[in-house]
Amino acid sequence: MSSKNTYILGIESSCDDTAAAILCNGKVLSNVVANQAIHEKYGGVVPELASRAHQQNIVPVVDQAIKQAGITLEDLSAVAFTQGPGLMGSLLVGTSFAKSLAYGLNIPLIDVNHMQAHILAHFIEKEGSEKPAFPFLAMTISGGHTQIVRVDDYFKMTVIGETIDDAVGEAFDKSGKILGLGYPAGPEIDKRAKLGNPKAFKFTKPQVAGLNFSFSGLKTAVLYFVQKKLKENPQFVNENLNDVCASIQYTIVEILMDKLKIAVKETGINRIAIGGGVSANSGVRDALKEAENSHGWASFIPPFEFTTDNAAMIAIVGHLKYLNKEYANQTVMATARLKL
Ligand code: KG4
Ligand code: ZN
């Protein structure tokens with residue numbers, strides 16, 4: 001292989017997905033994710049089970065990423081890994097593995113902030129995909145995160161709003177659980193929402209100052225609403241599921257869009273880049289398209305494989321830091337509450 005090429009291995013293990021990816025000069029050669037089905041029957045991620053599953057998955061996942069990329073370990077320029085934020089037991093598996101591998105191969109080790117990675121996923125080299133120009137606003141929405149970030153440069157980011165309790169994905173998943181849907185419920189709610197009436201039922205939106213979010217009240221509102229309706233009609237959920245899903249999704253999308261509108265007004269920036277599992281939501285996508293037409297915004301949505309938790313986004317941050325020679329040393333530690 002040519003020595004001019006930069007091959008970065010990215011490793012992600014912050015939550016319940018064990019992932020490894022290889023990027024060559026910022027382009028994806030492989031992007032492998034092992035999902036942990038074990039959590040489905042518990043209706044949420046069980047940290048202790050997650051770290052055990054990472055332990056089992058990490059070697060085969062990295063091995064597969066290397067093989068699919070058609071390279072060998074000796075071709076690697078550096079190893080990038082998620083330092084945090086995330087679940088401590090999960091982070092420890094990826095961190096320890098990355099440290100050992102970089103040490104063994106005698107190549108640079110690069111620590112990556114998972115939240116930065118969700119944002120910089122927009123810079124993975126891909127034909128036909130447009131990158132947002134700086135400055136832009138990034139909204140990271142998933143089962144673990146809800147943030148609005150002002151991005152002035154690759155590594156100059158400021159959190160301007162975030163959730164004070166549940167993440168937006170939890171609002172989908174916990175509402176779905178109340179309705180008897182499987183975990184994670186977001187995709188199912190989205191599917192059913194397309195068949196229902198978004199104005200059928202009204203859920204009050206939380207009043208949170210500034211750009212912060214709150215989603216825990218919505219889950220409680222859905223619970224009380226469903227309990228009340230079931231008392232009147234035991235078949236209520238079965239008979240109205242699509243309308244209930246459409247109404248919940250409509251409320252969530254409104255909450256997100258209300259804050260984005262304030263953020264655009266306050267910053268004067270109307271380029272919006274979204275990331276995280278909830279960016280797959282059709283209601284969110286439609287609302288952004290609508291805002292492009294009616295408010296002149298530009299929106300950026302990465303391909304699904306780069307927007308849910310994945311290692312290609314870790315590797316792209318690794319690539320950018322590698323170009324700056326920003327390396328970690330062997331004393332680096334997994335940090336559960338790592339800030340942006
Ligand atoms: O980014 P991700 O895979 O993992 C983290 O949580 O970090 O996001 C998973 C979340 C779950 O809460 C899931 O319900 C939600 O993303 N999700 C969706 C959709 N697809 C995934 N929520 C609403 N609509 C969707 N289409
Ligand atoms: Zn994430």
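At what angle do helix H5 and helix H7 pack, and how far apart are their axes?

**Entry 1: basis.** I worked from a predicted model, in which local features need pLDDT of at least 70 and side-chain atom pairs pLDDT 80 or more, while totals for chains, interfaces and linings use all residues. Residues are numbered from 1 along each chain as its sequence is written, chains are lettered from A and ligands numbered from 1 in the order written, and side-chain values use heavy atoms, without hydrogens and water.

**Entry 2: H5 and H7.** I found that H5 (residues 186–193) packs on H7 (residues 236–267) at about 110°, with the axes 8 Å apart. H5 is therefore roughly perpendicular to H7 (65 to 115 degrees). Helices here are DSSP runs of H or I, at least four residues; axes are lines fitted to C-alpha atoms over the stretch in contact, and angles run from 0 to 180 degrees between N-to-C directions. I noted Ile189, Asp190, Arg192 and Ala193 on H5, against Leu241, Asn242, Cys245, Ala246 and Gln249 on H7, contact meaning heavy atoms within 4.5 Å.

**Entry 3: threonine 95.** I located threonine 95 in helix H2 (residues 88–105). Threonine 95 counts as buried because its relative accessibility is 4% (buried is under 20% relative accessible area, with a 1.4 Å probe and protein chains only). Beyond neighbours within four places in sequence, threonine 95 contacts Phe81, Thr82, Val332, Met333 and Ala334.

**Entry 4: ligand 1.** I recorded 18 residues around ligand 1, the closest being Gly143, Asp173, Asp190, Gly277 and Asn281 (a heavy atom within 4 Å). A polar backbone atom of glycine 143 is 2.8 Å from a ligand 1 oxygen. Polar side-chain atoms of aspartate 173, at 2.6 Å, and aspartate 309, at 3.1 Å, also face ligand oxygen atoms.

How values were computed: Helix = DSSP H or I, 4+ residues; strand = E, 2+ residues; numbered from the N terminus. Parallel < 35°, antiparallel > 145°, perpendicular 65-115°, else oblique. Buried < 20%, exposed > 50% of the residue type's maximum accessible area, 1.4 Å probe, protein only. Polar contact = N/O pair within 3.5 Å; in protein donor to acceptor, adjacent residues only side chain to side chain.
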